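User: I would like to go through this structure step by step. Please start with the terms, then take my questions in turn.

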Amino acid sequence: MSEISYSYIVEYLRALHTAPSSPVLAEIETQIAMETETWPIIRPEVADFMGVQLSLIKPSTILEIGTAVGYSSILMSGYLQEGGKITTLERFPYMLGKARENIKRANLEDTIEIIEGDAADTLRTLPDEHYDVVFMDCAKGQYINFLPECIRVLKPGGLLITDNVLHKGSVAKSRYLIDRRQRTTHSRLRDFLWTIMHSEELVSTVMPLGDGVALSYKIGGNKNA
Ligand SMILES: C[S@@+](CC[C@H](N)C(=O)[O-])C[C@H]1O[C@@H](n2cnc3c(N)ncnc32)[C@H](O)[C@@H]1O
């Protein structure tokens, strides 16, 4: 088994993945594939899945929590409506430098705004019901803490996409089988998944894709009764 799926299935899905048309994205993918860099970016099968979701939604406003080197921001910008904007939150100076460089090289400085700082602080400064899509891809132990803010800033009818929610499958295992150092993350992720699946504000599903992806639709707006 590789991560949460059989390795031969993961390898097959990755072989189907088409290299992105953006030279900056292709370059980041190549550097990771050649192991010259170990930047944390979304897995190819998750990138493809997000492409479908974003094509359906046609968002004007996207919030990302966890920029890293800007890979997913640049990727998502390809699915924005004309004049659409992405706000992305990052706290680690090394990542901030790389992301700024990549966004500049991709000519997306007017489309992607990076907000520097811990999302625990910066999320609070963002407006209510402003985003069509929130993509949460930061420290997994914080997901449960950030969830109320994600719901607050999402438009009714908007979509929260959360990555890495199965944490290499460990979340589905009994806590007694988990290394002591990982138990806090394990219980926080379980709390997060239980909450999104039982929230009266959300309709959610958890998919065993990549490292586990949760989709949560915020009830309300024109798109549902
Ligand atoms: C998995 S990486 C993001 C990958 C990126 N979304 C992509 O696919 O290209 C997670 C990033 O979240 C950042 N991060 C983690 N916790 C954070 C927090 N509380 N506030 C802001 N950034 C955070 C980390 O520094 C790291 O760069």
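Analyst: Axes are lines fitted to C-alpha atoms, for helices over the stretch in contact, and angles run from 0 to 180 degrees between N-to-C directions. Helices (H or I, at least four residues) and strands (E, at least two) are DSSP runs, numbered from the N terminus. Residues are numbered from 1 along each chain as its sequence is written. This is a predicted model: local features need pLDDT of at least 70, side-chain atom pairs count only at pLDDT 80 or more, and totals for chains, interfaces and linings use all residues.

User: Are helix 7 and helix 8 roughly parallel or roughly antiparallel?

Analyst: Helix 7 covers residues 143-153 and helix 8 covers residues 183-198. They pack at an angle of about 30 degrees, with their axes 8 Å apart. Angles under 35 degrees count as roughly parallel, over 145 as roughly antiparallel, 65 to 115 as roughly perpendicular and the rest as oblique. Helix 7 and helix 8 are therefore roughly parallel.

User: Which residues of helix 7 make the contact with helix 8?

Analyst: Two residues are in contact if their C-beta atoms, placed from the backbone, lie within 7 Å. Helix 8 brings Arg-188, Leu-189, Asp-191, Phe-192 and Thr-195. From helix 7 come Tyr-143, Ile-144 and Leu-147.

User: Is Phe-192 buried or exposed?

Analyst: Phe-192 lies in helix 8. A residue is buried if 20 or more other C-beta atoms lie within 10 Å of its own, exposed if 12 or fewer, and partly exposed in between, with C-beta atoms placed from the backbone. Phe-192 has 23 other C-beta atoms within 10 Å, so it is buried.

User: Is Thr-36 buried or exposed?

Analyst: Thr-36 sits in the loop between helix 2 (23-33) and helix 3 (44-57). Because Thr-36 has 8 C-beta neighbours inside 10 Å, it counts as exposed.

User: How far apart in space are Thr-36 and Lys-155?

Analyst: In sequence, Thr-36 and Lys-155 are 119 residues apart. In space, C-alpha to C-alpha, the distance between Thr-36 and Lys-155 is 40 Å.

User: Which residues are closest to the ligand?

Analyst: The ligand is surrounded by 19 residues. Helix 4 (71-77), strand 2 (85-90) and helix 6 (119-122) each give two or more residues to this shell. The closest are Gly-66, Ala-68, Tyr-71, Ser-72 and Ala-119.

Technical notes
Near = placed C-beta within 6 Å.
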